[in-house]
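Here's a quick briefing to keep open next to the viewer. Have a look at the sequence and the fold first, then come back for the walk-through.

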Amino acid sequence: MKTKEAGPSRLADRLAAAAADANCICRRPETNVVCGNCSAKFFGRVQRTCPSHTHVIYLLDYGYCPKCKAPWRSLEGAVGGRNV
Ligand SMILES: [Zn+2]
Ligand SMILES: [Zn+2]
């Protein structure tokens, strides 16, 4: 009998690979974000494309300001908490 390929060990491998990748931002912590447009503050993560995993999108991340709906793309410089 052959053991199954897919399983938790595979996921663990991928997470370990992500953690080892210096460019990977998938596992960055939540931070205080200030909207450069309306100055609204909230706690969370700005949606960014991971350089190492460009196909991965985190739906819980904010793609735009929840208050004024301004896209972060134009506010990139105003977003704080990037202490890498
Ligand atoms: Zn990543
Ligand atoms: Zn805003």
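What follows goes from overall confidence to the fold, and then residue by residue.

This is a predicted model, so check the confidence before zooming in, because low-pLDDT coordinates should not be read in detail. The chain has one helix and two strands, arranged in the order α-β-β along the sequence. Buried residues make up 6% of its 84 residues.

- Averaged over the chain, pLDDT comes to 78, and 73% of the residues score 70 or more.
- Strand S2 (residues 41–44) has the highest confidence, with a mean of 90, while helix H1 (residues 8–20) has the lowest, with a mean of 74.
- Keep an eye on residues 76–84, where the pLDDT is below 50. That stretch still has 11 contacts in the model beyond near neighbours in sequence.
- Where pLDDT is low, the coordinates should not be taken in detail.

**Fold and contacts**

- Strand S1 (residues 31–34) and S2 run antiparallel, and four bridges join them.
- The two strands make a hairpin, with six residues between S1 and S2.
- Of the contacts in the chain with a separation of 6 or more, 54% are between residues 24 or more positions apart.

**The S1–S2 loop**

- Ser 39 sits in the loop between S1 and S2. Its phi is positive, at about 65 degrees, although Ser 39 is not a glycine.
- Is Ser 39 buried or exposed? Ser 39 counts as exposed because it has 11 C-beta neighbours inside 10 Å, and the cut-off for exposed is 12 or fewer.
- Gly 36 lies in the loop between S1 and S2 as well. With 17 other C-beta atoms within 10 Å, Gly 36 is partly exposed.
- Which residue lies 36 positions along the chain from Gly 36, with its C-alpha 8.6 Å away? That residue is Trp 72.

**Gly 44 and its surroundings**

- Gly 44 belongs to strand S2 and counts as partly exposed, because it has 13 C-beta neighbours inside 10 Å.
- Leaving out residues up to four places away in sequence, Gly 44 touches Glu 30, Val 33, Asp 61 and Tyr 62.
- Glu 30 and Gly 44 are 14 residues apart along the chain, with their C-alpha atoms separated by 4.7 Å.
- Pro 29 is 15 residues from Gly 44 in sequence, and the C-alpha to C-alpha distance between them is 8.3 Å.

**The H1–S1 loop**

- Pro 29 is found in the loop between H1 and S1.
- Cys 26 is partly exposed, with 15 other C-beta atoms within 10 Å.
- Where does Val 56 come in relative to Cys 26? The two are 30 residues apart in sequence and 8.3 Å apart in space, C-alpha to C-alpha.

**After the hairpin**

- Lys 69 sits in the segment after S2. This residue is not a glycine, and its phi is positive, near 65 degrees.
- Lys 69 counts as exposed, because it has 11 C-beta neighbours inside 10 Å.

How values were computed:
Residues are numbered from 1 along each chain as its sequence is written. Chains are lettered from A and ligands numbered from 1 in the order in which they are written. This is a predicted model: local features need pLDDT of at least 70, side-chain atom pairs count only at pLDDT 80 or more; totals for chains, interfaces and linings use all residues. pLDDT is the predictor's confidence in each residue, from 0 to 100. Two residues are in contact if their C-beta atoms, placed from the backbone, lie within 7 Å. A residue is buried if 20 or more other C-beta atoms lie within 10 Å of its own, exposed if 12 or fewer, and partly exposed in between; C-beta atoms are placed from the backbone. Two strands pair if DSSP finds at least two bridges between them.
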